[in-house]
Amino acid sequence: MSFFGSGTGAAAVNTSNSTAAEKDIEVEVADPPSDSISSLSFSGQADYLAAGSWDNNVRIYEVGANGQTQGKAMYSHQGPVLSVCWNKEGNKIISGGADNVARMFDVTTGQAAPVAQHDAPVRCVKWVDAQGGILATGSWDKTIKYWDLRTPNPVATVQLPERCYTMDVQYPLMVVGTAERHIQIFNLTNPTTPYKTTISPLKWQTRVVSCFTAATTSGFAVGSVEGRVAIQYVEDKDAKDNFSFKCHRRDSSANIKDQALVYAVNDISFHPVHGTFSTCGSDGGIHFWDKDARSRLKSFDTAPGPISATTFNRNGSIFAYAISYDWSKGHSGMTPGHPNKIMLHACKDDEVKKRQKK
């Protein structure tokens, strides 16, 4: 296990006015990745945050009671890291990379080892809390593979209609978004056959799918490159509640209300307690939403660059977000001086609690 950074405790804390909404204090994580941040994931057992980056590394941070952070460990892939997740027990981190491999880092031993292989980059890794724990990996090779980490070969492989771009699990629901706007919905009690196959209700490329938290009706949110989000319910009887809305759009000038500037929705994170959710985008904006009231709860959009990834901690008291280039403008948009920061926001009840129904 390689430790990184020399800061400890309070010395590792920075408060950043540039990314703070008025009366909000955002804590900047010490020793951030050196390249674009692709994925963030909190442990379900303690306030440990994993971050995957295009610098080929996964970093693990400990977050203290007052938001102070300390780098605890780091391990590497042979290419950019595209996705990170934790197992249920919170003692192992799994990451997928452009090296076509998923790796597992054991927090107790400090050892990393490959645990899954694809024929193309591993775009998504998700932990499935079933049968003692199963790893699901989604790849640009147009497959989902399920892995029992005690054996070297996948226990099952599912062919997708296109390359896997995004995936989320809220057992027994798994939703996969691919190229060409395909969406496949799985009931993980029958993991090898899609429960439903559909096309995204949004007209442009899917960037992210995110499942509702377990306490709510089964469904998911879809975000696309066109600055729009769709709320979708799994069962036909709930389809009347499906809707989509515009977000992460800006007027072309201060005097013209046209929302002509459209930005990609990069990530959607559901609050683990209240079932509200966040969206973030290439515009540098973050919004908290109540899907049931169809209303926005909170906005903060003063980040000095795109927001590439977000996540809530296990009880929803901390919201982590990454400020870094999101590749929405391709290689030409990767200009020198892009920030790479991970920020921690202390959530207030009025930002994340559902609105009272009128």
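**Strands, pairing and burial**

Guide: In this predicted model, residues 74–115 are 0% helix and 62% strand, with the end C-alpha atoms 17 Å apart.

Visitor: Where does UniProt place the feature "repeat: WD"?

Guide: The unreviewed UniProt entry places it at residues 30–63, 74–115 and 115–157. For residues 115–157, the content is 0% helix and 53% strand, and 15 Å separates the end C-alpha atoms.

Visitor: Why is strand E7 described as largely enclosed by the rest of the structure?

Guide: A residue is buried when its relative accessible area is under 20%. Six of the six residues of E7 (residues 81–86) are buried, so the description applies.

Visitor: How do you know that E7 and E8 pair?

Guide: Pairing requires at least two bridges. E7 and strand E8 (residues 92–97) have five, in the antiparallel sense, so they count as paired. Trp86 stands opposite Ile93 in E8. The two strands form a hairpin with five residues between them, and Gly90 in the turn has a positive phi of about 75 degrees.

Visitor: What makes E19 and E22 edge strands?

Guide: The open sheet has four strands in the order E19-E20-E21-E22, with antiparallel pairing. Strand E19 (206–211) and strand E22 (243–246) each have a single partner strand, so one side of each lacks a neighbour in the sheet. From one strand to the next, the twist averages 20 degrees.

Visitor: How many bridges join E19 and E20?

Guide: E19 pairs with strand E20 (residues 219–224) over five bridges in the antiparallel sense; Cys211 stands opposite Phe220 in E20.

Key
Residues are numbered from 1 along each chain as its sequence is written. This is a predicted model: local features need pLDDT of at least 70, side-chain atom pairs count only at pLDDT 80 or more; totals for chains, interfaces and linings use all residues. Side-chain values use heavy atoms; hydrogens and water are left out. Axes are lines fitted to C-alpha atoms, for helices over the stretch in contact, and angles run from 0 to 180 degrees between N-to-C directions. UniProt positions are given in the numbering used here, feature names are shortened, and annotations may be inferred rather than shown by experiment. Buried means under 20% relative accessible area, exposed over 50%, partly exposed in between (1.4 Å probe, protein chains only).
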